[in-house]
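Today I am opening my notebook on a structure that is new to me. I will jot down what I look up, one entry at a time.

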Amino acid sequence: MTMSSSTALIVRDEAASTLRRAFEAGRGGVPQVVIVRGEAGIGKTRLLQEFRSEATRDITAPEPVFATGQCVDMGEIGSPYTPIRRMLRDLHSQLGDLLIDAATPTVRSALAGILPEMSTDSPATAAPGADAVADALGALLEKLSVDRHPVLFIEDLHWADTATLALLKTLAFTLRGAHLTVILTYRTDDVGRGHPLRGVLSDLERNRAVAFVDLDRLTADDAARLTRMLAPELDGDAVQQIVERSDGLPFFIEELIAFADRRLPDTLRDLLLARVETLGADARATVDLLAAGGVHVDSDLLEETADGRIERDRLHDGLREALAANILVTDGDGYAFRHALLQEAVHDDLLPSIRTELHAGYAAALDLRIAAGRHELAAGAAEHWGHARDVTRAFAAMVVARRFALATATQLVASQIAERMLASWPQVPDAEQHVGMSRLDLFAVTTQNALNDPRRAMLIARAGLAEVRPEQRSERARLLNAMSYAHSNLGDTAGARDASEEALSLIDLDDPDPDPSTRALIVDCLVSRIRTATFDVRGERVSELERMTALAIAHSDILDDRVLSARVLDTASTLEITSGRLDAALANLRRFPAFRLTERQYQINLITELDTLVRLGRFREAVALAHRRTEETPKGTDVMFGIDLNVAEALFALGDIEGGRRVARRDLATIVGPQVMSSFGWRLLSLADIWSDRPERARSLRDEHAAAIAELIADDGEEVAGWGTCTLEAALNQAEGTTDVTTRALLVDTALAGALDIARAGLEPGIGRPHVVPTARALAEATRAGVAPEDQAQLREFIDDALGRHGRDDPTAALEALVAAEATRADAESPAATVDAWRTASDLAADGFVPVRQLWYARYRLAEALLDAGERDAASALLEMIATGAPAHGIEVVARWARELAGRAGLAGTPSTGLPELTARERQVLELVAEGLTNPEIGRRLFISPKTASVHVSAILAKVGAANRTEAAAIFHRGAEGVGSPE
């Protein structure tokens, strides 16, 4: 019984409408993701089949190209990117070399591990990681979707491997194809508590580009309607009986209709097997063989496994009969069960001895392919050997699967495979020889691999520690060291510190000549201890940590291990940053620029360098560095999210609010689990909303993640201070211009609470300095409001400490000037001094070493001071410049203050800057034109194409009445004359 298109889509008309809208949006240039979910048998696959059938008849350009990736149940092992591999093969079968031609050499290199046809003749490089695969797939789809409309189906996400889930999550947040529609399905009844898909879904539900279709069981009326459509010859009693027995599941309705003229089976299992039991012997043997292979089996693998069990002609006859009975369907290059429930029922019905024999057959056939280099099949072989109860061969296959996962996917996938290996270890003779390391070493490495899921990493480390004997001090140290990183990723700084201290206590630091393995462990433990100690480096602790750093460098120099040396330098730089010696930190990081590092260590050092540049106010340099390095070297580690969040922070500081939001959201999409970096990303977005005059959105974001934030920042002073800044700036921005005395007082109290959170967070100079200006602003308001002197003293102590114990570098003068200017606001008797203070602060902020929001804020305070001093013309010109210029940097709230202040002061008819007609993006482009940048340079700076930049420049010239770029730059500078150019 097959359902007609009209039948399926009429019964599920609302769901079908959502799919149609997504298809139309994709065709219209707006990429869309739809997730269809419901219990087994609810009709997900049928809905997609009928939607595809309907969409295939659409002949409107661009031409739709359909491709399907089927997730496979491989138990707890899983092979990375299985459905992505199948989807790409489907695309390749339809497009041939057009698919290969659409890929750049970098894309082909990144995807070659998934689709061998992508292999290039270029020299081999380090295996790309998860981020490289996601970027490459995104770039390929973007290129393909220029002239075509790829419609991609990924079915049964509840069986997806971790790497696939992370990739799909990233793609959903970064859809950039011209014409693209992605449809995903999963069984709700298979996604229980703790399932890895749950966290991904939680993030996707907040993405506006993702729509959800919930398929519920059919009502009695809809079930009867569907039954009559499928079998109009049935009488009312028969229809009613089917409706009652089906319980609203469309799949069961189809199966029951097939037996409407016979006695209905008594149980669900009998119903699922009823049609199978009508097959002849050859067809039944074929179906049994396929059931052991899974929902889908490639035809060549099926024939090879059948060899010696079913003769070729009988196999083909059995396939034809099962296809005719609608039990099997052809599926690309193989065969599949019409429904996964059928496969499960047949597999469970096999005699144990037959099941074991069939799985062994598949495993042996897969082993031959693995020996020929098809390592992606190792996870499947391990699962089959497991079902065949051959633990040793399953273990050997898992070793290959783990290595393949490390080479092509996130380390988290490798850790999950290793967990299975650890469980099987006691039953495997010579397990250590198979793996190439001891069981305890595998525990330590697996903990490191699982760090992007820190709770899981913690459980692995604890399990390993439970097996360590007292005399195994080195093994215990290695596990504690790994656990320290897991504590850090959870935001538990105290736990991280305790674990690293205990690990170091187990090592003999006075050993004059340790063996290389012990020496490497010494360096590892020293690095971990220094890293965790940087949360508190006051007083004498600095010299102690510097001594540890020198010892780590000495040991790493003896080992001549570049990766280890890079880790030591990164840690030493972190100590310098925390202590406020930013220039020294940067010099450290750049000591060995030619180091050839692992991708993971390369990215870790890059993150620290970017963080240092941002703290030094060298925002454009940070963005350029990230772009240059990520273009030169494929991304490929689980820590890549740190890079993008640092770039987002730099973009926000430069005033590219939309670019910063896009980058931050993309990076947040890649974080697995509630790590402390999530808090950093959320507060970046919140702060951007606060200054973009969107306080409700900022509040909503914080409320949405309140529980996670509270957990993450409990032991993290920097995050406590960061959210304190968000609190006080949101309150003071709202208080600006508020005339109600009571409301203003409450807002100032809220701001003061945020400032005290900052002051009490115990931050070191390098960490606390970014919060100095907001704290000074809160102090000024508190002073004006007559707040208790002891609170003021605490804030002054924090400000003086953060500035006074920090080295003199590029941002120092501007920060000191901004703090000094805030202090003048309480002195109403000296308006001239206030003007001078804010003019100095504005001029220094315009040098570009502090976030651009502080520049526009300083200009606003200068305009306010000019009015108080009676300089109305100067104030009027400055306020108009702020009202028209600040929005170009996303600082909408200051622009609103400027308009309101001008209105209150009765300033009308002020001279025009010639810029008001420009959009925010056009103002950004004009600023870069004024800097002398070319269109390609503007494109790189603003993350747009050179062609788009050219279109913007042409529009700007027309709007401002300039004949060329030079005239446009002159108009821009005239608008900013006298008050400093925007950063």
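Before I start, one cut-off: I call a residue buried when its relative accessible area is under 20%, exposed when it is over 50%, and partly exposed in between. I also remind myself that this is a predicted model.

**Entry 1: a bridge to glutamate 927**

I began with glutamate 927, which is buried because its relative accessible area of 6% is under 20%. Which residue does glutamate 927 form a salt bridge with? I found that the partner is arginine 620, and the closest N and O atoms are 3.9 Å apart. Glutamate 927 sits in helix α48 (residues 920-930) and arginine 620 in helix α32 (residues 619-632), so this pair ties together parts that are 307 residues apart in sequence.

While on this topic, I noted a network as well: salt bridges with shared partners join Arg744, Glu781, Arg784, Glu822 and Arg825.

How many salt bridges does the structure hold? I wrote down 50. I picked out one of them, where the side chains of arginine 369 and aspartate 300 meet at 3.6 Å, N to O. This pair links distant parts of the chain, with arginine 369 in helix α18 (residues 352-371) and aspartate 300 in helix α15 (residues 299-306), 69 residues apart. Arginine 369 counts as buried at 15% relative accessibility, whereas aspartate 300 is partly exposed at 45%.

I then looked up arginine 581, which forms a salt bridge with glutamate 576; their closest N and O atoms are 2.5 Å apart. Is arginine 581 buried or partly exposed? Its relative accessible area is 31%, so I list arginine 581 as partly exposed. Glutamate 576, at 17% relative accessibility, goes down as buried.

**Entry 2: positive phi angles**

Next I turned to the backbone. Tyrosine 81 is not a glycine, yet it has a positive phi of about 65°. Where is tyrosine 81 placed? I found it in the loop between β2 (63-70) and α4 (82-95). Tyrosine 81 is buried, as its relative accessible area is 1%.

Aspartate 693 is another residue other than glycine with a positive phi, near 65°. I located aspartate 693 in the loop between α35 (676-691) and α36 (695-704). At 27% relative accessibility, aspartate 693 counts as partly exposed, whereas tyrosine 81 is buried.

Definitions and conventions:
Residues numbered from 1 in each chain as written. Predicted model: local features only at pLDDT ≥ 70, side-chain atom pairs only at ≥ 80, totals over all residues. Heavy atoms only, no water. Helix = DSSP H or I, 4+ residues; strand = E, 2+ residues; numbered from the N terminus. Buried < 20%, exposed > 50% of the residue type's maximum accessible area, 1.4 Å probe, protein only. Salt bridge = Lys/Arg side-chain N within 4 Å of Asp/Glu carboxyl O.
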